[in-house]
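Have the viewer open and follow along.

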Amino acid sequence: MSDPMNVLAPEHRRLRIGDAWRDAASGATFAVEDPATGKTIAEVADADVVDGLAALDAASTAMPEWAATPPRRRSELLTATYRALTERSEEIARLITLEMGKPLAEARGEVAYGAEFFRWFAEEAVRVEGRYSTAPTGGYRILTVPKPVGPCVFVTPWNFPLAMGARKIAPALAAGCTTITKPAGQTPLTMLLLARIMEEVGVPPGVVNVVTTKRSGAVVSALLADSRTRKLSFTGSTEVGRVLLRQAADNVLRTSMELGGNAALIVCADADLDVAVNGAMVAKMRNIGESCIAANRIYVEEPVREEFTARFAERMGALSVGHGLDDGVDVGALIDEASVTTIDELVADAVDRGARVLVGGERPDGPGHFYPPTVLVDVPDDARMLSAEIFGPVAPIISFTSDDEVLAKANDTEHGLVGYVFTRDLQRALRFAEGLDTGMVGINRGLISDPSAPFGGVKQSGIGKEGSHEGILEYLDLTYAAIDLP
């Protein structure tokens, strides 16, 4: 197979600012590694505050013309981006796997998912509406006009290097906003390739800017402190989200926050176990478990605990581990050594407290950041993995005996992103859907992400929604005009 790095020429591994691909002002670069081997695959520009503000200059300059661009034209450019991503799916997927580690099949799925945001918001771009109505008291009219909020700053994570950027850039452009994206330092290449593709399809200069940096704190802080920035959207940990919210408060920025999760997956005794096992595998192992919506805690009602656990552990144990570009690999490398160490420590903590390992539980020897699919049972309530976001292929299984008991445990967390419920009882499913303190619920389904659905959490899992019609509203301000009409 061809080298995945061939899809991104060296001149496009620099900063995308305005109409140019440029080196960092300091000339600094940083290395991007293949997490499956630990070897450097590319050097990219390492921006500092000067570069970040240059990107904001470009976004601010481009903002008036882009906001005035007819919605149909914006829609056409988003559709062209969708088509280009779809046509180049294989080469983009290979680049994602190379810099992030996920198996190629997972990367292909991410390209399809990410591309769909551009198609969805191409359709939404021409459906932004205000209203005109008579005031209840008569005598005047009420006119509301939606307007783009202005230049947007996006901070995206490494686990979905295409899709998380697409989920922000597509609605922003549909609404008429310009953008600056700061991708994760571990996976900047995919976002640079997206910027290149959008340049090729005709998105005007300054509308999509990409600033790669290892000095994220200083660069992002400078952008948020500048009054020209009007919107921040962040996907990442709750801890970092809190910091960014405090910084965004100084300029009273519009914010969207998609933060950490601690998803409970509940298997009731009346569930179809074939559906439950399949759903649990998807909810736990999609993206190697490196997902904010991954099933973090699996609660199984006592009458089916033994059978479910045996079947689930067998499926987990049959997964193959290796380089994501190799044929037949189910589980690729984790993003870095710190992730492997954290997961190893969580498993050791649970075992020290009385949990038993049924499958996996020991990291392999050799290069790369690998950890095997792991299943634990008899996990006590005080095990750290039940309160921490595991972010890897580790599944703790805990039994329960009543709905009230499991709801209390599922909701006993600062997070509230998603929950999963498997039951054939419709009324029971609806009670769980209403009883879970989460922004999303999967019922008899382990995959809930969809560009046409509102993605987002409650409590400390976030603010706002991404995707769906609600997603474009995050990028629009509303002006109200009172019109005298005696």
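Helices here are DSSP runs of H or I with at least four residues, numbered from the N terminus. With that in hand, keep in mind that this is a predicted model.

**Salt bridges**
- Start with helix α2 (residues 71-87), where Arg73 and Glu76 sit three residues apart, about one turn of the helix. They form a salt bridge whose closest N and O atoms are 3.6 Å apart.
- Both ends of that pair are partly exposed: Arg73 has 38% relative accessibility, and Glu76 has 41%.
- Arg14 also pairs up, forming a salt bridge with Asp23 at 3.8 Å between the closest N and O atoms. Arg14 is partly exposed at 26% relative accessibility, and so is Asp23, with a relative accessible area of 47%.
- For a buried case, look at Glu466 and Arg167: Glu466 has a relative accessible area of 7% and Arg167 has 2%, and under 20% counts as buried.
- Glu466 and Arg167 form a salt bridge with the closest N and O atoms 2.9 Å apart. This pair links distant parts of the chain, 299 residues apart, with Glu466 in the loop between β19 and α14 (468-473) and Arg167 in helix α5 (residues 163-175).
- There's a network too: salt bridges with shared partners join Arg16, Arg88, Glu91, Arg196, Glu199 and Glu200.

**Around strand β11**
- Strand β11 (residues 254-258) is mostly covered, with four of its five residues buried.
- On one side, β11 runs parallel to strand β10 (residues 231-235), joined by five bridges. Lys231 stands opposite Arg254 in β11.
- Getting from β10 to β11, the chain passes through helix α8 (residues 238-249), and this β-α-β crossover is right-handed.
- β11 also runs antiparallel to strand β19 (residues 462-463), with two bridges between them. Here Met257 stands opposite Ile463.
- Ser461 belongs to the loop between β18 (440-443) and β19, and Ser461 is buried at 0% relative accessibility. A polar atom of the Ser461 side chain lies 2.8 Å from the backbone nitrogen of Gly416.

**A nonpolar surface patch**
- Tyr132, Ile483 and Leu485 make a nonpolar surface patch of about 270 Å².
- Tyr132 is in strand β5 (residues 131-134). Its relative accessible area is 52%, so Tyr132 counts as exposed.

Definitions and conventions. Residues numbered from 1 in each chain as written. Predicted model: local features only at pLDDT ≥ 70, side-chain atom pairs only at ≥ 80, totals over all residues. Heavy atoms only, no water. Patch = residues over 30% accessible without salt bridge, like charges linked within 9 Å, V, L, I, M, F, W, Y side chains within 5 Å. Areas by Shrake-Rupley, 256 points an atom, 1.4 Å probe, with all protein chains shown as cover. Salt bridge = Lys/Arg side-chain N within 4 Å of Asp/Glu carboxyl O. Buried < 20%, exposed > 50% of the residue type's maximum accessible area, 1.4 Å probe, protein only. Pairing = 2+ DSSP bridges. Right-handed = clockwise from strand over helix to strand, strands pointing away. Polar contact = N/O pair within 3.5 Å; in protein donor to acceptor, adjacent residues only side chain to side chain.
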